[in-house]
Structures are given as structure tokens and as C-alpha cells.
Amino acid sequence: MANIKSAKKRVKVLATKTLRNKAINTSLKTDIKKANIALDANAENKAEAVRVAIRAIDKASAKGILHKNTAARKKSALAHKLNALNA
């Protein structure tokens, strides 16, 4: 355990941020998984599911949980799958 006051605070702050990041990451993965399932099943709500997933990716990227290139890659993959079904 840390002895210095600022180090003790850092431990607390990091624990809080880790919980927040984990919650956002879990939610993000769920949204992406739902979009992929909707695309694979060619469901009627596939466009809405992809829109929700892309919005979640953008939010995670803005908060620094995803790197911007990773976010762009994930969004592009979802859009590509959606466009392939619509074409």
C-alpha cells in the first residue's frame, strides 16, 4: 500500500476510473454483439442496431476508452456488413 498521500489518492482515483471504463467497455461489447447478431440474422431492426453500436463506439472513443483508429475500424466493419446486406 502507498505511504504518500498523493499516491493513496491515485489508487482511489484509478479504482474509480477502472470501474467506469469496465462498465462502458462491457456495454460497448454488448451493443456490437447485438448489431452483429442482427446483421447475421438479417433482422428488420439491423439498421437501428448498427446505429446504436456506432453511437456507443463514438462515445467510448470520445472518453478515451477506445483508440480513434480502433473505433474507426469497428464502425467501418459494421457499416460494411450492413451495406453488403442492403446491396
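Reader: Why is Asn42 called partly exposed?

Author: Its relative accessible area is 43%. Buried means under 20%, exposed over 50%, and partly exposed in between (1.4 Å probe, protein chains only). At 43%, Asn42 therefore counts as partly exposed.

Reader: What is the basis of these values?

Author: This is a predicted model, in which local features need pLDDT of at least 70, side-chain atom pairs count only at pLDDT 80 or more, and totals for chains, interfaces and linings use all residues. Residues are numbered from 1 along each chain as its sequence is written, and side-chain values use heavy atoms, with hydrogens and water left out.

Reader: Where is Asn42 found?

Author: Asn42 sits in the loop between α1 and α2. Helices (H or I, at least four residues) and strands (E, at least two) are DSSP runs, numbered from the N terminus.

Reader: How do you know that the span of helix α1 agrees with its number of residues?

Author: Helix α1 covers residues 5-41, which is 37 residues. The expected span is 1.5 Å times one less than the number of residues. For α1 that gives 54 Å, and its end C-alpha atoms are 54 Å apart, so the two agree.

Reader: Which residues of α1 are buried?

Author: Leu28, Asp31, Ile32, Ala35, Ala38 and Leu39. Their cover includes α2 (46-62) and α3 (68-86). An α-helix has 3.6 residues a turn, so residues three or four places apart point the same way.

Reader: How is Thr26 classed by relative accessibility?

Author: Thr26 is at 47%, so it counts as partly exposed. Thr26 is in helix α1 as well.

Reader: Why are α1 and α2 called roughly antiparallel?

Author: They pack at an angle of about 155°, with their axes 8 Å apart. Axes are lines fitted to C-alpha atoms, for helices over the stretch in contact, and angles run from 0 to 180 degrees between N-to-C directions. Angles under 35 degrees count as roughly parallel, over 145 as roughly antiparallel, 65 to 115 as roughly perpendicular and the rest as oblique. So α1 and α2 are roughly antiparallel. The residues of the contact of α1 with α2 divide into 13 nonpolar, no polar and three charged.

Reader: What decides these classes?

Author: Ala, Val, Leu, Ile, Met, Phe, Trp, Tyr, Cys and Pro count as nonpolar, Asp, Glu, Lys and Arg as charged, and the others, Gly among them, as polar.

Reader: What makes α1 and α3 roughly parallel?

Author: Their axes come within 10 Å and cross at roughly 20°. That angle falls under 35 degrees, so α1 and α3 are roughly parallel. Here Ile32, Ala35, Asn36, Leu39 and Asp40 in α1 meet Lys74, Leu78, Lys81, Leu82 and Leu85 in α3. By class, this contact of α1 with α3 has six nonpolar, one polar and three charged residues.

Reader: Which hand has the crossing of α1 and α3?

Author: The crossing is left-handed. The term means that the near helix is turned anticlockwise from the far one by less than a right angle; clockwise is right-handed.

Reader: How do you know that α2 is roughly antiparallel to α3?

Author: The axes of α2 and α3 come within 9 Å and cross at roughly 170°. That angle is over 145, which makes α2 roughly antiparallel to α3. The contact of α2 with α3 has nine nonpolar, two polar and five charged residues.

Terms used: Contact = heavy atoms within 4.5 Å.
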